[in-house]
Amino acid sequence: MNSVIPYPIARQPWGMLIPLFALVGFGALVLYSAAGGSMQPFAASHLTRFSVFLFLAGFISIFPRALVRFLTYPAYVFVFILLVAVEIIGQVGGGSQRWLDLGFMVLQPSELMKPVIVVTLAHFYSSLPVGMITSWRALLIPGVLIALPVLFVLLQPDLGTSLAIVFGGAVVMLLAGLPLKWFIGAGLGGAALAPLIFYFGLQEYQQRRVLTMFDPEADPLGAGYHITQSKIAIGSGGIFGKGFNEGSQSHLQYLPEPHTDFVFATMAEEWGLIGGIFVIGVFTIILRWGLKVARESQDRFGSLLAAGMSATIFFYIAINLLMVMGFAPVVGIPLPFMSHGGSSMLTNMICIGALMMVNRWNQDAPRGGISSMS
Amino acid sequence: MKNWLTWRSGQPKRRTTQIINASTLKNTFDRRAVVLGGLQGGIAVLLAGRMGYLAIAENEKYRLESESNRVNLTLIPPRRGWILDRNGSPLASNRADFRVDIIPERLDDPEGTINQIGELLQLEPTRIADLKREVSEKSGYQPIEVASGLNFDEFAALSVRLPDLQGVIPQRGFSRYYPTASSVAHLIGYVGPADAEQYAEEDRNPLLLTPGYKIGKDGLERLFEEDLRGKPGGRRVEVTASGRVVRDLETREDTPGDPVTLTIDGPLQDYAARRIGLESGSVVVMDCATGDLLCMASMPSFDPNSFSDGIGSIEYAMLREDERVPLRNKVLQGLYPPGSTIKPMHCMAFLQAGVKPTDTVVCGGGRQIGNRFFRCHSSHGVVDMDKAIAQSCDSYFYHFAQQIGFEKVADMAKLMGMGQQYPLPVASQFYGTVPDPTWKVNKFGEPWRPHDTVNASIGQGYYLASPLQLGVLAARLATGKVVNPRLLLDGKAPEMPSYNFNEDDMGYIRQAMSNVVNGAGTARRAQLPIEGIKLAGKTGTAQVVSLSVSDGRSGPWKYRDHGLFVFFAPFENPRYAGAVVIEHGGGSGSAYPIARDVMTFMFDPERGLEQLRSLEKQWGGTAQQRLERRYAAYAAERGESVTRPPSRDEEIFDRVEAEARLAAAQSEEIAGDAIVPREDQAASGSPPPAAAITGQAPETSANASAPQTPQTAPPQVAAESQTP
């Protein structure tokens, strides 16, 4: 490490960061095109937010472990109060409001809950005596910790974010070593309950979205419109795409939300399969790095934290891409690092920052070391 | 994996005490993280595969769908072919028209947008309310017409504001225009939007759904629909999902429909229609040499322009309630007892049966036939054939019809075209009736009686004829040839076999008919005010009800006698023949002045027009002006205000009005030529002037925004090309 590059820079995980920069830059290009060939209003703010949140991530990455653990529960309580506050403001305002306007961006507390639930559960399981991992307490308390915010997010109603929170929490629980049969049981129970939830739990528009996933062409101008147009955009792009700024589906407004939820379709139309492989490739690199960080951590807190964070990012990517390609219902989850939107960028960069933080912990104490399991 | 599973499914109780420690948990974490990583990789592969499938295997399908999203094909309705008179002047043409449609589905704020349009176009509040109701009921992609016939300023004002008016579509198009309006309504018909039935008939031709597109609904417009229609053009445009046009990709011009050239003489048609004046009736004028129908006027009539613009319910009600049936073409579908007008033809039957012109009867105010006395309208004394025709003595016909038997008379009547249909391009013509013994038995199961002969011999009883048949009768009698009427100037020389009547006989009858007008006849006031041209004719008065109900001259309109007149001119060498029938005119005195003026106009337009002008001053304007005023009054009575479409500003259209003939004559005079009016009028078979046809379709260019003036050949061109 005695090169010309100073250590604080050299030690950064460039193997992940450079593909990430490339992806964000590519995202900016796509947003430039989605705005009809203009930096405004999407591409410029996309890059600005990324720069700001990159500093945030860098700041998070230097947090010492003790501080993180100290702040975990207060952070959970704080975000939870925000969530309740938003719900109350929404009720008073007479509509469903999910965000707080911070001036430079609108913040959705439910977004913040995604990384916070991961760190909270990681903290909980790392503090839980090893022997108790199979006890009911190992399930009950995290269950409540997950259920409380999910309840309020569902009230908004925001099914996508609720699922993301549940997914992040569940992955941490799985990796923490809870008995697998609990998961299998929950899976079977969920499968049994699914029809009931579908018919009694979901709003009508949500039911329609699920149904149209299986047969989007049945109602091409109604509920299936989004998926149909998205598939047309991706399919018509072919291998090499229609060319930068040449996407008719996005430019002529056939594609709904070409800059947020369906940014991948916008990209695929103009850059084709090649662009798609690049995007999926970069995501693969980032997620592999995230899991690598998790496995390299000798510290249970770090492992669970890192794995949970990459699972959260993964959930975004997987649901969004499955959705735009017609494999999942339209749930309104943006694509990390490409979609235009402050809250999701914030969440994902917190996840990246947390991963970088764990990575730094790993670098500082590579082997065995001072990891505390208690 | 096996190990992991067995461990998982192992006994938890035991594990809590023994197996679980930091390192087993770490192992668990690692194993599950690997599985999780594998799962993520699997999904990555699934996504890449799915994308490859969409982008490669289904590329073609989605490329097509993307194109059909992007590109919108709109039909450019073809310009309708013109209907021309024999000189190539338009009886029906197209004029540039600006219109505005709205598409309910695409209105962001229907109320606001309609209010805004209403303000811009100064629509009436009732119209705005109607529109709002229509939009709320109709929502869909089917356009609704807001207004048509806009002037350019209104159109421009709307076009400028388009970016704020989603779903509002201003369009340039063409609307049908009939310069002489009600004068040609029955003959030409009118156009209108296709109805559901027609749409189904034409295999759901999308052209018929194009807003503002109209097809022939009646008359020649309907019969020649195929020729007049033309082929639509197409415009490929790139559109956004909301339907906004981004740019034009490709435009294929429409092919205008073919013109249809009629034998009708536009100015004469207009003159005759207007000359009918306040009466209800029809005028037919034919060219004896060719059978060309120069005029088929039927009045009162309707304005085909307002029919084509979509007639209002009030205007329609006014027309339907009128006892003078302005919706019926009386030339073809009016049937009247021919009365005395068939007497010259009956004389021809007598001559053929061997009666000498000098054979006489004595008319003592009537005549005893069998055991009954039949009255004549006057006591004529000794009557020969000439006097019988000139003074219309009924007794003469009672006697000789009885003498030769009515079968022979009826045969002659049929031979001369009574009770017949002619090969004309019209939707329907009525046969009428020539009664004879066989017919009566078939019809009523009763034998023919002497009084039937008596009645039929003077054109009463069961006898019925249409004005067209009477005109044809006049032409056939004047020429002694089988003159068949024709309406299309298609260049074919019509065949006209001779009846092989004796020249002397024909001359005798012609002379007698001349005496009707120029001698001691019943229509002396019908003499033409033109030196050297003599009109010959025969008056007729058809009784409608028995004398016990009305004397036929006064009382309620519908009980008055019909007035008829058949004629030809010049009498020595018949060139034109025709018939005038005035419904309930109170006698032939209502008919022959019209014939006289029409023929005066034919030979001397200026003098004819002078007469018409002074009459129209008394009547209160031209037929069209009176119709419009009457409609306004009718509507006002029902509390509706009426705004007529803006009057035209293209002078070119005036060429088929009666006055146009005068203007043409004056310009010829200026050119130093002697006035030889209408010398080549009958030069039928010559194709219409080329200039008039090639110039008939208004030129358009896709991007021109200024209103187009339809370009027609100037009158001089048409006139020149006719006088080689």
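What share of the residues of chain B count as buried? Of its 724 residues, 44% do. The points below walk through this predicted model.

1. **Confidence.** The model scores ipTM 0.90 and pTM 0.65. Chain B averages a pLDDT of 79, and 85% of its residues score at least 70. Two stretches of chain B call for caution. Over residues 644-654 pLDDT stays under 50, and the model has 15 contacts beyond four places in sequence for them. Over residues 670-724 pLDDT also stays under 50, with 86 such contacts in the model.

2. **Make-up of chain B.** Chain B holds 29 helices and 19 strands. Take its contacts with a separation of 6 or more: 73% of them join residues 24 or more positions apart.

3. **A five-stranded sheet.** Start with the order S12-S11-S19-S18-S17 in chain B. These five strands form an open sheet, and the pairing is antiparallel. Which strands stand at the edges? They are S12 (293-299) and S17 (536-542) of chain B. Each has a single partner strand, so one side of each is left without a neighbour in the sheet. Neighbouring strands here are turned by 5 degrees against each other on average, direction ignored.

4. Strand S11 of chain B covers residues 280-287, and strand S19 of chain B covers residues 576-583. Eight bridges link the two in the antiparallel sense. B:Val284 stands opposite B:Ala579 of S19(B). Helix H12 of chain B (residues 266-276) lies across S11 and S12 of chain B. This helix runs at about 30 degrees to S12(B).

5. **The largest nonpolar core.** This core has 134 residues. Which of them touch the most other members? B:Met286 and B:Ala474 do. Leaving aside residues up to four places away in sequence, B:Met286 touches several stretches of chain B. Its contacts include B:Gly291, B:Asp292, B:Leu293 and B:Leu294. Also among them are B:Gly471, B:Val472, B:Ala475, B:Val483 and B:Pro485. B:Tyr576, B:Ala577 and B:Gly578 are on the list too.

6. Just after H18(B) comes B:Gly405, with a positive phi of about 90 degrees.

7. **A hairpin.** Strands S14 (residues 366-369) and S15 (residues 372-375) of chain B pair in the antiparallel sense over four bridges. B:Gly366 stands opposite B:Arg375 in S15(B). Two residues lie between the strands of this hairpin. In it, B:Gly370 takes a positive phi near 60 degrees.

8. **The contact between chains.** Chain A gives 43 residues and chain B gives 42 residues. On the side of chain A that touches chain B, the elements giving two or more residues are helices H7 (159-176), H8 (180-201), H10 (225-237), H11 (248-251), H12 (263-296) and H13 (300-324) of chain A. H12(A) gives the most to this side, with eleven residues. By type, the residues of chain A's side divide into 26 nonpolar, 14 polar and three charged.

Key. Residues are numbered from 1 along each chain as its sequence is written. Chains are lettered from A and ligands numbered from 1 in the order in which they are written. This is a predicted model: local features need pLDDT of at least 70, side-chain atom pairs count only at pLDDT 80 or more; totals for chains, interfaces and linings use all residues. Two strands pair if DSSP finds at least two bridges between them. Axes are lines fitted to C-alpha atoms, for helices over the stretch in contact, and angles run from 0 to 180 degrees between N-to-C directions. Two residues are in contact if their C-beta atoms, placed from the backbone, lie within 7 Å. A nonpolar core is a set of buried Ala, Val, Leu, Ile, Met, Phe, Trp, Tyr and Cys residues joined through C-beta atoms within 7 Å. A residue is buried if 20 or more other C-beta atoms lie within 10 Å of its own, exposed if 12 or fewer, and partly exposed in between; C-beta atoms are placed from the backbone. pLDDT is the predictor's confidence in each residue, from 0 to 100. Ala, Val, Leu, Ile, Met, Phe, Trp, Tyr, Cys and Pro count as nonpolar, Asp, Glu, Lys and Arg as charged, and the others, Gly among them, as polar.
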